Amino acid sequence: MPMHYQRSFFVLIGLLALACMPGCRHEASPTGIDLLPDSDLAGIEVYDSRGANSDARVSTFILPSVGNTSTFLPLGKTSDYTSRILLRWTGWPVDLASGGRIVSATVTLHASPFSFGQASGPLSFNAHAVRKQWSMYTFTSDSLAALTTDPVPAGQYNGPVGDSIQFQLDSTLIRSWANGESGGQVTGVWGLLLEPTGATNTVYTFDASESSRKPATIRVVVARDGLADTTLVPLQIEDTFIASGPAPAVTELAVHGGLSWRGTVAFDLSAIPPGCIVNAASLRLTIDPSRTRKNIRGIDSVRVYELSDSATRSVGSEYTISTPDSGQRIIAKGLAMTRIVQRWVNHPERNRGFVLVKVEEAGDLDLLAFYGPGAAAELRPRLTVTFTRKP
Amino acid sequence: MRRIFLLLLVLCPFAAQAQNGGSVLSRFGIGELDNLAGARQRGMGYTGAAVGSSYEIHATNPAAWTFLSNLRLQASGSYEYESSSKGAALSYGSFAFKSLDFAIPFEESIRTRLSAGLHQLSGIGYELNAHGSEGGKTYTSSYSGSGGLAFASIGLAVRPLPWLNIGAAARWYFGTAEHEMVVDFDDADYFTTTQRRSTSHGGGGYVLGAVLTGPDGLAVSASVATSAELDASRDLHFQYATHDSTVRGADGIQDIPVRYQYGLSYELDSRLLIAADVAIQDWTGARVFGIVQPALTTGYRISAGAEWKTGSASSQGMLRASLLRFGVAHQKLSVLLDGVAQSETYGTVGFGFPVWAESRADLSLEAGVRGASSNLLGSRLMVRFSFSISVGENWFTRREAD
């Protein structure tokens with residue numbers, strides 16, 4: 001066969017192949033789907049704790065938590081609550097330790113807009129020198145009992161609260177404080193504990209170092225012979241607050257900021273066959289307004305975690321932040337919820353329930369209470385899970 | 001020439017993965033069954049089991065290999081288009097390599113021929129979707145299938161008597177059938193369901209054949225592909241929001257029932273040959289993963305065709321060795337559609353011509369109608385274009401100088 005015939009043949013085959021390639025397509029169509037065996041078809045189902053008559057098991061517990069992320073510091077007391085502030089300045093100017101006479105040491109706290117208790121009531125507190133090391137990054141609400149302070153206050157305040165309050169500190173304390181730091185001592189002064197006293201019946205809040213506003217300051221005026229008075233300020237501050245208040249009932253479902261109340265809510269998911277694919281999960285909780293106390297921020301939201309260890313009450317790393325649903329109801333949904341429930345479906349022994357953590361747990365003193373399984377059906381905690389059955 | 005051989009060898013993996021099949025019919029059994037024919041037989045309406053060919057390697061009748069005149073390497077492919085009267089959404093087109101065969105003439109006194117090859121046995125290819133809602137959330141569920149079965153074969157053919165040609169080949173069936181379900185919710189907060197079921201198959205079988213050549217250009221043939229029990233193992237793949245999981249499902253049995261094919265051919269004169277074939281395979285009791293499927297039934301094909309040499313002894317060039325083919329066929333599919341048998345009737349044309357030296361090419365075009373407008377899938381127009389190329393070499397032929 002002549003060579004040009006051979007070339008023509010391969011060119012023809014190549015062109016035909018190219019022409020065929022774009023036609024290699026399938027368009028999905030519903031026609032014929034009725035012919036598929038039932039075992040092929042998607043079995044989408046919804047588990048509803050209400051319909052499944054699977055009431056939640058709820059409880060509330062206290063897990064001491066650090067308050068370092070708070071953007072303001074509550075200080076004061078009411079009939080139910082007491083809140084203290086810990087302050088510590090570091091980076092004192094060298095001049096302070098080297099001599100001169102301390103004329104004054106003034107602490108200024110800048111008020112935040114939140115308060116509760118007696119409206120515009122006076123605030124009174126003592127400032128005690130702290131004699132034991134602490135850090136805002138590790139100090140928890142149960143660390144107060146182990147804190148060592150001078151019994152005699154180094155400063156006091158008693159008066160109304162406007163935009164700010166000021167009080168004077170003992171100059172001897174300041175000298176000891178600055179000397180201790182410059183000498184590398186670790187057993188000297190470790191800041192101040194502001195302890196509310198007297199007839200205070202209000203909790204005020206003040207700007208914290210974590211806020212973008214004005215944290216507490218201390219200004220020390222030093223006089224030297226033949227020289228003008230010098231105002232010195234330390235470079236850095238650490239602060240946090242420690243609150244105490246009512247204790248939860250174990251059988252209720254509630255979360256409390258500042259007091260580290262956390263709630264647990266668990267459901268029996270045995271109605272969902274193991275191995276099913278969870279498409280979505282949502283937890284609905286209804287706020288009980290009669291028990292809820294919006295003392296400060298009034299945020300109606302919780303973080304929902306998986307309880308990973310019943311003994312230590314530790315939680316998993318994933319969480320969902322609830323959003324308003326309707327009326328007094330909030331809802332937690334999204335991929336994190338789906339993943340948590342998927343783990344429980346695949347491993348039922350890991351289903352220890354959800355842990356509810358107050359949004360701003362370390363930053364306010366609000367109580368958010370929810371209806372439990374004893375409430376009317378429409379008010380109870382409700383979990384719905386959309387899942388696909390395995391073939 | 002060596003380059004052509006290498007090119008065809010490169011096609012081997014494609015031949016093993018080849019698949020057509022574009023409707024939900026391919027969901028059942030092992031998929032839509034291939035007709036196991038090259039472009040030459042397709043052009044003659046799928047006849048040719050009794051037609052001895054000097055260059056075509058038969059897939060269904062190893063006895064016909066004795067007619068091969070020299071070493072052959074053969075590949076074939078097909079483009080298939082299906083258009084339904086129910087609308088464009090049911091139409092599809094797909095291209096697939098169908099086979100790759102190799103044959104060696106060992107010995108000439110009884111014309112011993114050894115052949116090995118890869119062939120597509122079935123193809124799975126469908127995509128369906130539906131809309132639904134659950135708990136107030138709407139979703140789209142999609143179902144698709146892919147894959148199919150192929151077989152590798154090796155066998156021997158001899159001509160112990162001048163009028164008797166017999167052959168046998170062993171087959172190893174293999175392949176994976178994939179079926180996937182995806183449920184996609186309209187709400188972005190909902191995780192998409194993806195489940196995939198992969199069934200792997202493996203098992204052996206045999207094909208035996210005979211071609212009897214009579215006087216005056218008459219030939220008859222019979223072949224039987226024995227039944228086979230394939231070991232099937234299933235993997236289930238799930239995509240969870242937390243992880244992907246593949247679990248090993250239960251093992252099972254996949255039956256391939258015995259297949260019979262009979263052929264008849266007659267040379268009317270030196271330029272015209274006519275042929276007729278019948279093939280039948282009963283899938284009624286075949287187990288698919290251990291379960292008899294009610295959707296399977298007996299499938300058969302009846303066909304007739306003719307081959308005409310375009311040139312005479314005095315013709316020159318390409319015309320002298322070219323062949324024109326025609327055929328008609330009617331087949332009943334082995335899958336019932338909603339309990340109703342499906343048939344296909346079509347006409348074919350083909351053209352065979354030399355490419356160079358001992359090498360030849362064949363092209364075929366089939367057009368037919370499958371099903372009926374009253375069917376769930378409607379009446380479908382089927383068009384298939386196929387090609388085969390058979391490269392010949394004389395590696396094992398002693399040259400005169402030797």
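## The second largest pocket

The second largest pocket of this predicted model has a volume of about 410 Å³. On a 1 Å grid over the protein atoms alone, a pocket is an open set of points with protein on both sides within 12 Å along at least five of seven lines. Grid points are joined across faces, edges and corners, and the volume is the space filled by probe spheres set on the points.

The lining of the second largest pocket has 21 residues; a lining residue has an atom within 4 Å of a point. B:Arg27, B:Arg197, B:Arg234, B:Phe289 and B:Gln293 lie nearest the centre. Strand 7 (164–185), strand 8 (193–213) and strand 10 (228–239) of chain B are the elements that give two or more residues to this lining. Which strand gives the most? Strand 8 of chain B does, with three residues. By class, the lining holds nine nonpolar, eight polar and four charged residues. Here Ala, Val, Leu, Ile, Met, Phe, Trp, Tyr, Cys and Pro count as nonpolar, Asp, Glu, Lys and Arg as charged, and the others, Gly among them, as polar.

Rolling a probe the size of a water molecule over the atoms shows where empty space is left. A cavity is a set of points where a 1.4 Å probe fits but cannot get out. The structure holds nine cavities of 30 Å³ or more. The largest cavity contains about 540 Å³ of space.

The largest cavity is lined by 36 residues. Closest to its centre are B:Glu32, B:Leu33, B:Asp34, B:Asn35 and B:Gln331. Five strands of chain B each supply at least two lining residues: strand 1 (32–33), strand 7, strand 13 (272–282), strand 16 (298–309) and strand 17 (323–332). The lining of the largest cavity divides into 15 nonpolar, ten polar and eleven charged residues.

## The two chains

Chain A has four helices and 24 strands. Chain B has four helices and 20 strands. Both kinds of element are DSSP runs, numbered from the N terminus: helices are H or I with at least four residues, strands are E with at least two.

In chain A, 52% of the 391 residues are buried. In chain B, 58% of the 402 residues are buried. Buried means under 20% relative accessible area, exposed means over 50%, and partly exposed is in between (1.4 Å probe, protein chains only). Chain A exposes about 16900 Å², with 51% supplied by carbon and sulfur atoms. Chain B exposes about 15800 Å², and carbon and sulfur atoms supply 59% of that. These areas come from the Shrake-Rupley method with a 1.4 Å probe; for residues, only the protein chains shown count as cover.

Now take contacts (heavy atoms within 4.5 Å). Among contacts with a separation of 6 or more, residues 24 or more positions apart account for 81% in chain A. The figure for chain B is 65%.

A:Pro74 sits in strand 4 (residues 72–77) of chain A. A:Pro74 counts as buried because its relative accessibility is 0%. Leaving out residues up to four places away in sequence, A:Pro74 touches several others, among them A:Ser83, A:Val203, A:Phe241 and A:Leu365. A:Ser59 is 15 residues from A:Pro74 along the chain, and their C-alpha atoms are separated by 27 Å.

A:Gln342 lies in helix 4 (residues 335–346) of chain A. Its relative accessibility is 0%, so A:Gln342 counts as buried. Which residues does A:Gln342 touch, not counting those up to four places away in sequence? They are A:Cys276, A:Ile277, A:Val278, B:Tyr240, B:Ala241 and B:Thr242. A:Gln342 and A:Ala281 are 61 residues apart along the chain, with 8.9 Å between their C-alpha atoms.

## Positive phi in two loops

A:Ser120 is not a glycine, yet its phi is positive, about 60 degrees. A:Ser120 is in the loop between strand 6 (101–117) and strand 7 (123–129) of chain A. Is A:Ser120 buried or exposed? A:Ser120 counts as exposed because its relative accessibility is 70%.

A:Glu360 also has a positive phi, near 65 degrees. A:Glu360 is in the loop between strand 22 (354–358) and strand 23 (367–370) of chain A. At 27% relative accessibility, A:Glu360 counts as partly exposed.

## Confidence and conventions

The model scores ipTM 0.77 and pTM 0.80.

Residues are numbered from 1 along each chain as its sequence is written, while chains are lettered from A and ligands numbered from 1 in the order in which they are written. Local features need pLDDT of at least 70, side-chain atom pairs count only at pLDDT 80 or more, and totals for chains, interfaces and linings use all residues; side-chain values use heavy atoms, with hydrogens and water left out.
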